[in-house]
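Try each task before you read its solution.

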Amino acid sequence: MATEEKEELQNENVELDEAAAEAAAVENEFDLLQTELSELKDKYARVHADFENIKKRLEREKYTAVEYANEKFAKDMIPVLDSLHGALNSVKADTSCEELLAKLKEGIELTQKQLVTSLERHGVKMVAHDEPFDPNIHNAIQSVDSDTVESGQIVQTFQTGYKYKERPLREAMVVVAN
């Protein structure tokens, strides 16, 4: 029986060695997984922090863009304002009324042209007066019978309309032919 006991002990030792080896392999794999998990947590924290920083930066940039969106438009209006100041300063000059009136008229016309050009540069355009009535951009305040203009055409404009790109800013107030 000693041989059988020896064999049994040997088998048990082999089984114990195999179990210990398997336990060591599982423990080693567990350590590797713990390390990988730790690295992934660190990577996630960094990516999340980067995302939050980008999100905050984009919010600041959006706020700045909205806050200063009209800066170019404002810069283009300054010369128009300068022209108006020039017109007011010319009134103080010692000139005859007729000459002064002619100069003021010319200055106002040039200032108006300058303003229209600046507005057009930024997408603001006058609504055309010679096109058919369009309820999206025209407001018919009156209709009249006309022998010279077809029905639905604009006869007269009381107030000019404006649109920004394709959206109406202010409808034109018009008289339409019956």
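The exercises below concern a predicted model.

**Exercise 1. A charged patch**

Task: Find which residues gather in a patch of negative charge on the surface.

Solution: 
- Step 1. The patch is made up of Glu4, Glu5, Glu7, Glu8, Glu12, Glu15, Asp17, Glu18 and Glu22.

**Exercise 2. A histidine in a loop**

Task: Where is histidine 122 placed? Is histidine 122 buried or exposed, and which residues does histidine 122 touch?

Solution: 
- Step 1. Look between α3 (97-121) and β1 (124-126): histidine 122 is in that loop.
- Step 2. Its relative accessibility is 18%. The cut-off for buried is under 20%, so histidine 122 counts as buried.
- Step 3. Leave out residues up to four places away in sequence; histidine 122 then touches Lys72, Phe73, Asp76 and Tyr164.

**Exercise 3. Salt bridges within a helix**

Task: How many salt bridges does the structure hold? Describe the one between arginine 57 and glutamate 61, then the one between glutamate 99 and lysine 103.

Solution: 
- Step 1. The structure holds seven salt bridges.
- Step 2. In the bridge between arginine 57 and glutamate 61, the closest N and O atoms are 3.3 Å apart. Both residues lie in helix α1, four residues apart, or about one turn of the helix.
- Step 3. Arginine 57 is partly exposed at 39% relative accessibility. Glutamate 61 is partly exposed too, at 42%.
- Step 4. For glutamate 99 and lysine 103, the closest N and O atoms are 3.7 Å apart. These two are four residues apart in helix α3, so about one helical turn separates them.
- Step 5. Glutamate 99 has a relative accessible area of 39% and is partly exposed. Lysine 103, at 45%, is partly exposed.

**Exercise 4. A salt bridge between helices**

Solution: 
- Step 1. The side chains of arginine 121 and aspartate 76 meet at 3.1 Å, N to O.
- Step 2. This pair links distant parts of the chain: arginine 121 is in helix α3 and aspartate 76 in helix α2 (residues 71-91), 45 residues apart.

Notes: Residues are numbered from 1 along each chain as its sequence is written. This is a predicted model: local features need pLDDT of at least 70, side-chain atom pairs count only at pLDDT 80 or more; totals for chains, interfaces and linings use all residues. Side-chain values use heavy atoms; hydrogens and water are left out. Patches are made of residues with over 30% relative accessible area and no salt bridge: like charges are joined within 9 Å, nonpolar side chains (Val, Leu, Ile, Met, Phe, Trp, Tyr) within 5 Å. Accessible areas come from the Shrake-Rupley method with a 1.4 Å probe; for residues, only the protein chains shown count as cover. A salt bridge is a side-chain nitrogen of Lys or Arg within 4 Å of a carboxyl oxygen of Asp or Glu. Lys and Arg count as positive and Asp and Glu as negative; His and the chain ends are not counted. The place of a charge is taken as NZ of Lys, CZ of Arg, CG of Asp or CD of Glu. Buried means under 20% relative accessible area, exposed over 50%, partly exposed in between (1.4 Å probe, protein chains only). Contact means heavy atoms within 4.5 Å.
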